[in-house]
Amino acid sequence: MMNNPLALIVDDEPDIRELLEITLGRMKIDCRSAEDLRAARQLLESERFDLCLTDMRLPDGNGIELVESISRHYPELPVAVITAHGNMDSAVQALKAGAFDFVSKPVDLGMLRNLVNTALKLERSSATKTKPGGTGRKSELLGKSPAAEQIRTLIRKLARSQAPVFISGESGTGKELAARQIHQQSPRADHNFIAVNCGAIPQELMESEFFGHIKGSFTGAISDKQGLFQAANGGTLFLDEVADLPLNMQVKLLRAIQEKSIRPVGAQKEMPVDVRITSATHKDLADLVENGNFRQDLFYRINVIELAIPTLRERKDDIPLLADMMLGRIAAHSSCAKPRIDRDALKALLRYSFPGNIRELENILERAVALCENETITLEDLLIPADAGAESVNELSVDPDIPLEAHLEQVERKMITTALEATHWNKTAAAKRLGISFRALRYKLDKLGME
């Protein structure tokens, strides 16, 4: 017969301890209570716990000290902090120190039960090699380079937390793949992973897309609609290109993250949501904050933990493995034999700087498979220069007598053409590759007479 899970409750208020003990007891969780840090440390030394809930303000210290101590000495023990209502600074501080999650006073018992259930899944999910929700997708982050191994290690660690993760890196490095891996290795893996490109949603529809709406709330709202937060409830919401959010939407997103609740358009009251936020952009968010184009308070909320994804240039040892995997996938999709890469072509790939990173490698190989003969990819099939490692600045050089504006127009025209060719003239993919919105690309195409 299995024993009930055991929780440690640390709070100096007897009423709070009693409330938590009753709530967890109804969930068939045994409890031990401590009124200060000293008593908590004694209990941690004498028993093995499955969960710890601690208040932030204690008679002989604060909850952050306990979080840090547990992170050092009991790294497998999830600890959640109880914060004063609206005190997000303390919650963020606790998450940075290693807390699993937080709950605000007065304690919402529904949110508390969700938190506890998620925390108790951690031990079970870490003991299971095949994660729920991870089957059927070739989403493993491949590579034997030190950079790839470091990212996998960080992803395993981040999967144990509920803290918001900001994933930084150049376009095409695999930021969404990293976000999916965090989700698939987490206790949220049996719920939805919802990815949204923030730059692809029309501004006037953003609030409805994120939070949903009720029938009749505006012209065209002919029925209730579930938003992205509701769709991701219990799981993970990945905000790709979060830097493209307009300022008014940033305010609403900040409130949803802080309050863990949303209000659908036209609704009279808020509804709680249990969503982990991961986000990404290839832009410099700190620079956007400095220039007033991104809210500083939202930046601190989504950037509790940063995961920097290396460029393909920083993990060139992985190119042969990645290329082999991609060729297998392309061949299977095309119902053709898997081609091999000859020596000169492989050398060219290893020399190439890959400004478009992994996405560009896949585009190059897709094109090469279509062009190659005798199931062998040659240097000519790659359509990259033989001196592929050379910088491309010289290709953009123009007559110094040409005015600056005309020079920049030539550079812009060449970059857009290159992106369109690399994506087989898919404008949405080309815009993402260039780091601009689809609407911005259409504007530039019209302005340059390239439509």
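Strands here, like helices, are DSSP runs numbered from the N terminus, with at least two residues of type E for a strand and at least four of type H or I for a helix, and two strands count as paired if DSSP finds at least two bridges between them. What we are looking at is a predicted model, in which local features need a pLDDT of at least 70 and side-chain atom pairs count only at pLDDT 80 or more, while totals for chains, interfaces and linings use all residues. Residues are numbered from 1 along each chain as its sequence is written, and side-chain values use heavy atoms, with hydrogens and water left out.

Within that pairing, Leu239 stands opposite Ser279 in E13. E13 also pairs with strand E8 (residues 165-168), again in the parallel sense and over four bridges, and there Val165 stands opposite Thr278.

Now to the core. A nonpolar core is a set of buried Ala, Val, Leu, Ile, Met, Phe, Trp, Tyr and Cys residues joined through side-chain atoms within 4.5 Å. The largest one has 33 residues, and the members that touch the most others are Phe210, Phe229, Leu237, Leu239, Leu285 and Phe294.

Not counting residues up to four places away in sequence, Leu237 touches Ile194, Val196, Leu228, Phe229, Ala232, Val275, Arg276, Ile277 and Thr278.

Let me turn to a sheet elsewhere in the chain. This is an open sheet of five strands in the order E2-E1-E3-E6-E7, with parallel pairing. Strand E2 (30-34) and strand E7 (101-104) stand at the edges with a single partner strand each, so one side of each is left without a neighbour in the sheet. From one strand to the next, the twist averages 20°. Inside the sheet, strand E3 (residues 51-55) and strand E6 (residues 79-83) run parallel and are joined by four bridges, with Cys52 opposite Val79.

Across E6 and E7 lies helix H4 (residues 88-97), running at about 160° to E7; for such angles, axes are lines fitted to C-alpha atoms, for helices over the stretch in contact, and the values run from 0 to 180 degrees between N-to-C directions. How many of the ten residues of H4 are buried? Seven are, among them Met88, Val92 and Leu95, and what covers them includes helix H3 (63-73), E6, E7, H10 and H12.

Next, a pair of helices: H18 (residues 427-434) and H19 (residues 438-447) pack at about 100°, with their axes 9 Å apart. They are therefore roughly perpendicular to each other, a label given to angles from 65 to 115 degrees, whereas under 35 counts as roughly parallel, over 145 as roughly antiparallel and the rest as oblique.

Finally, some backbone details. Most residues other than glycine have a negative phi, and most peptide bonds are trans. The bond from Lys105 to Pro106, however, is cis, with omega near -10°, and Pro106 lies in the loop between E7 and helix H5 (109-126). Phe354 has a positive phi, near 45°, and is buried, with a relative accessible area of 1%. Glu375 also has a positive phi, near 60°, but is partly exposed, at 47%.

Methods. Buried means under 20% relative accessible area, exposed over 50%, partly exposed in between (1.4 Å probe, protein chains only). Contact means heavy atoms within 4.5 Å.
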